[in-house]
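Subject: Structure for you to look at

Hello,

I am handing over a structure that you have not worked with before.

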Amino acid sequence: MSLFQYDFMIRALVGALVIGLTAPALGVYLVQRRLSLIGDGVGHVALTGVGVGLLLDRSPVITAVIVSALGAVAIELIRERGRTSGDLALALLFYGGIAGGVMLVGLSHNSSNANLMAYLFGSLTTTSPADLVVIVVLALVVLVAMIALRPALFAICHDEEYARVSGLPVRALNLLLAVTTAVTVTIAMRAVGLLLISALMVVPVATAQQLTRGFLSTMAAAMGLGLLASGSGVWLAGTVNTALGATIVVLAIAMFLAVAVAAAARRALRRPAVPAPAAAEVHPPEVVLER
Amino acid sequence: MTPSNDSVISVRHGAVAYDGRPVLRDVSLTVTAGEVIAVLGANGSGKSTLIRAILGLVPLAGGSVELFGTPLRPRSRALRRQWARIGYVPQRLGAGSGVPATVAEVVGSGRLARRGILRPPGAADREAVTAALRAVGLADRAADPVATLSGGQQQRTLIARALAGQPELLVLDEPTAGVDANSQEAFADALRGFISGGGTVLLVAHELGPLASLISRCVVVHEGRIAHEGGVPRPAGHHAEPGHDHVHPHGPGDEPVGLCS
C-alpha cells in the first residue's frame, strides 16, 4: 500500500495500534467503576503538564505524565473520601488544568496555535522514533499491569468493600489505576489528543459490552475493537486526509452505533421466541458443601 | 480478659459514631469457633454497624475488635493473613457495575484473599468456585451475567463468593432480606452445610425465617446497645407451619421481639 511507504505513516500506525489496544484495557475498569469521564479530566490536567514542559524546555510528554499523575492521584483521594463536594473539587481540577495549560503554553517561547492543537487533538504523524519508543514501552507496562492484576482490579472495581474485607491493598490498587490512567492519557495525547483520549478508553468498552456476557470477554472484545478502530482510522485518515485522532474516534463511535442497532434488532427478533425465564428458579438446589 | 484460643471475634466496649452521632455504644461480644450467632434488631438499631465495625469497614470511636486473636488495625500486616479466614456476604451487590460480569467471575473474587493478587487463578481456584456454586444451587448459571439473575439468586451468588474462599467464619449482613422463599431455603441449606463442616457464622437479620433452626445464640441490638442475649425459641403459631411464607410490610421501628427468648 502506497500510504505506508513513508516512515512517519508506519510510526503513526504502530503508535495508534499500541494505544488502541491499551486504552480499552484500562478503560474497562474505569467504565466498571462508573468513572468513564475520568480520562477526560486527567487529560485536562495533562495540558498543564504540557505547558510546564514547553515553558521549561523539557520534554512535554514527561512533564505531562508527572502533572497528570499528580492530578489523577488527587482525584482518587477526593473520590475515596466520598464527599459530595468531590464533584466540585473535580470541576476545579478539570478547568484549572486546561486553563493553566493554555496559559502556560502561551507563555512559552515556542508557542503557537498549531502546537497547542497538536496536544489537544493529537498529531501522531509528527511522532519521532524516540517518542514512539516511549509510547510503546509505557503502553506495554500499562497493558501488563492491567492483564496481570485483572482479578484484583476487577474485585476492587466491582465491590470495593468486599475487596477490603478480602485484605486486598485497595488503596494501592486504586492509586495504581489512577497513575496508569495518567500514563495512558499522556501517551495517547500524541495519537488522539487530550480532548479525545477518553473516547478511546470508553467507546470500545461500551461497544463490546452490548455483545458480551462477562468481564473478561468484554475486556478482550474492547481491546480488539480498539485495535480495529485505530488501525482502520490510520488508513482512512491517510486516504481521505483527515485528522487522525478525530477519524479514529469517529470510527469507534460508528462501530458502537452499528452494534447497538444490530443488538436492538436481534433483541426485537428474538423476544417472542424466548419462553418466560421462570424455569431457573424452580430447580431444587443441590446442597453439597465441602469446606 | 484475654481471649481463649478459639475466640473468633472479640469486641470489647466497641463504640461507633457517624459524624459525632453515636450509633454503637459500649458493645461487647465474643464469638467462639462453631457458634452460629444472629444479630437482631430494628432498622437503625446499629446491628449492621456492629458487623461493619467488626470487619473494619467503619472506624471504631472507642473500644477494640480482635479477629482470630489479632487486633483490628488499619493496614495491619498480621491481620492480612486473617482475612482469608473470613467470608463476608454484603446485603446486596453494589449499585451494579457498568460492565457485565458472569456469576463465576464474581464468585472467583472470593479466592483472592487466599491466593493473593499476583498469582493467576489455578485448578484449585476453579474447583472451589464450582463447589461454592453447587452449594448454593447456581452451578448451571455460572456463565450467565449476574445482572440477569433474580434478587435471590444474586444474593446466593454473594454467599457463593464468600464460600469460595473456604473461610472459617462467615459474616452475613441481612442475607435473606427481600429474598424469595426458594432462595431462602437454598441459602439455609448452604449455611447448614457450612455449619456442619465446623464453620462459625455471624449474621445480621431482621427476621430469621428458615434460618432460625440453625442459630445457636441470638443477640438483640437496640439503640446501639446489646439489649438481650440468649437462645432462639421455637417458632409458634402459624409461623411454625411448614411452608409458612412470612410476608408483611415492615415499618420503621418494627422490632423482631419474640424471636429471641
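This is a predicted model: local features need pLDDT of at least 70, side-chain atom pairs count only at pLDDT 80 or more; totals for chains, interfaces and linings use all residues.

Chain A

Chain A has 13 helices and zero strands. Of its 291 residues, 48% count as buried. Among the contacts in chain A with a separation of 6 or more, 74% are between residues 24 or more positions apart.

Two packed helices are described by the angle between their axes and the distance between the axes. For helix α11 (residues 215-240) and helix α12 (residues 244-270) of chain A, the axes come within 8 Å and cross at roughly 130°. The two helices α11(A) and α12(A) are therefore oblique to each other, and their crossing is right-handed.

Which residues meet there? From α11(A) come A:Leu225, A:Ala229, A:Ser230, A:Ser232, A:Gly233, A:Val234, A:Leu236 and A:Ala237. They meet A:Leu244, A:Thr247, A:Ile248, A:Leu251, A:Ala252 and A:Met255 in α12(A). By class, the residues of this contact between α11(A) and α12(A) are 10 nonpolar, four polar and no charged.

Helix α12(A) has 27 residues, which should span 39 Å at 1.5 Å a residue; its end C-alpha atoms are 39 Å apart, so the two values agree. The buried residues of α12(A) are A:Leu244, A:Gly245, A:Thr247, A:Ile248, A:Val249, A:Leu251, A:Ala252, A:Met255 and A:Phe256.

A:Leu92 sits in helix α4 (residues 85-107) of chain A. Is A:Leu92 buried or exposed? It counts as exposed, because it has 10 C-beta neighbours inside 10 Å. A:Met117 is 25 residues from A:Leu92 along the chain, and the C-alpha atoms of the two are separated by 23 Å.

Chain B

Chain B contains seven helices and 10 strands. It has 261 residues, and buried residues make up 49% of them. Of the contacts in chain B with a separation of 6 or more, 70% are accounted for by residues 24 or more positions apart.

Helix α5 of chain B covers residues 123-135, which is 13 residues. From its first C-alpha to its last, α5(B) reaches 18 Å, close to the 18 Å expected at 1.5 Å a residue. Its buried residues are B:Asp125, B:Ala128, B:Val129, B:Ala132, B:Leu133, B:Arg134 and B:Ala135. The elements covering these buried residues include α3 (103-108), α4 (112-115), α6 (151-164) and α7 (181-196) of chain B. After α5(B) comes B:Gly137, whose phi is positive, near 75°.

The axes of α6(B) and α7(B) are 9 Å apart, and the packing angle is about 15°. That angle makes α6(B) roughly parallel to α7(B). The crossing of α6(B) past α7(B) is left-handed. On the α6(B) side the contact is made by B:Gly152, B:Gln153, B:Gln155, B:Arg156, B:Ile159 and B:Leu163. On the α7(B) side it is made by B:Asn182, B:Ser183, B:Ala186, B:Phe187, B:Ala190 and B:Phe194. The contact of α6(B) with α7(B) has six nonpolar, five polar and one charged residues.

B:Asn43 lies in the loop between β3 (36-40) and α1 (47-54) of chain B. With 13 C-beta neighbours inside 10 Å, B:Asn43 counts as partly exposed. B:His222 is 179 residues away from B:Asn43 along the chain, yet their C-alpha atoms are separated by 9.5 Å.

Where the chains meet

How many residues does each chain give to the contact? Chain B gives 43 residues and chain A gives 37. On the side of chain B that touches chain A, α2 (77-83), β6 (86-89), α3, α4, α5 and α7 each supply at least two residues. The largest share of that side, six residues, comes from α7(B). By class, the side of chain B that touches chain A has 24 nonpolar, 13 polar and six charged residues.

Regards

Technical notes:
Residues are numbered from 1 along each chain as its sequence is written. Chains are lettered from A and ligands numbered from 1 in the order in which they are written. Helices (H or I, at least four residues) and strands (E, at least two) are DSSP runs, numbered from the N terminus. The expected span of a helix is 1.5 Å times one less than its number of residues. A residue is buried if 20 or more other C-beta atoms lie within 10 Å of its own, exposed if 12 or fewer, and partly exposed in between; C-beta atoms are placed from the backbone. Two residues are in contact if their C-beta atoms, placed from the backbone, lie within 7 Å. Axes are lines fitted to C-alpha atoms, for helices over the stretch in contact, and angles run from 0 to 180 degrees between N-to-C directions. Angles under 35 degrees count as roughly parallel, over 145 as roughly antiparallel, 65 to 115 as roughly perpendicular and the rest as oblique. A crossing is left-handed if the near helix is turned anticlockwise from the far one by less than a right angle, and right-handed if clockwise. Ala, Val, Leu, Ile, Met, Phe, Trp, Tyr, Cys and Pro count as nonpolar, Asp, Glu, Lys and Arg as charged, and the others, Gly among them, as polar.
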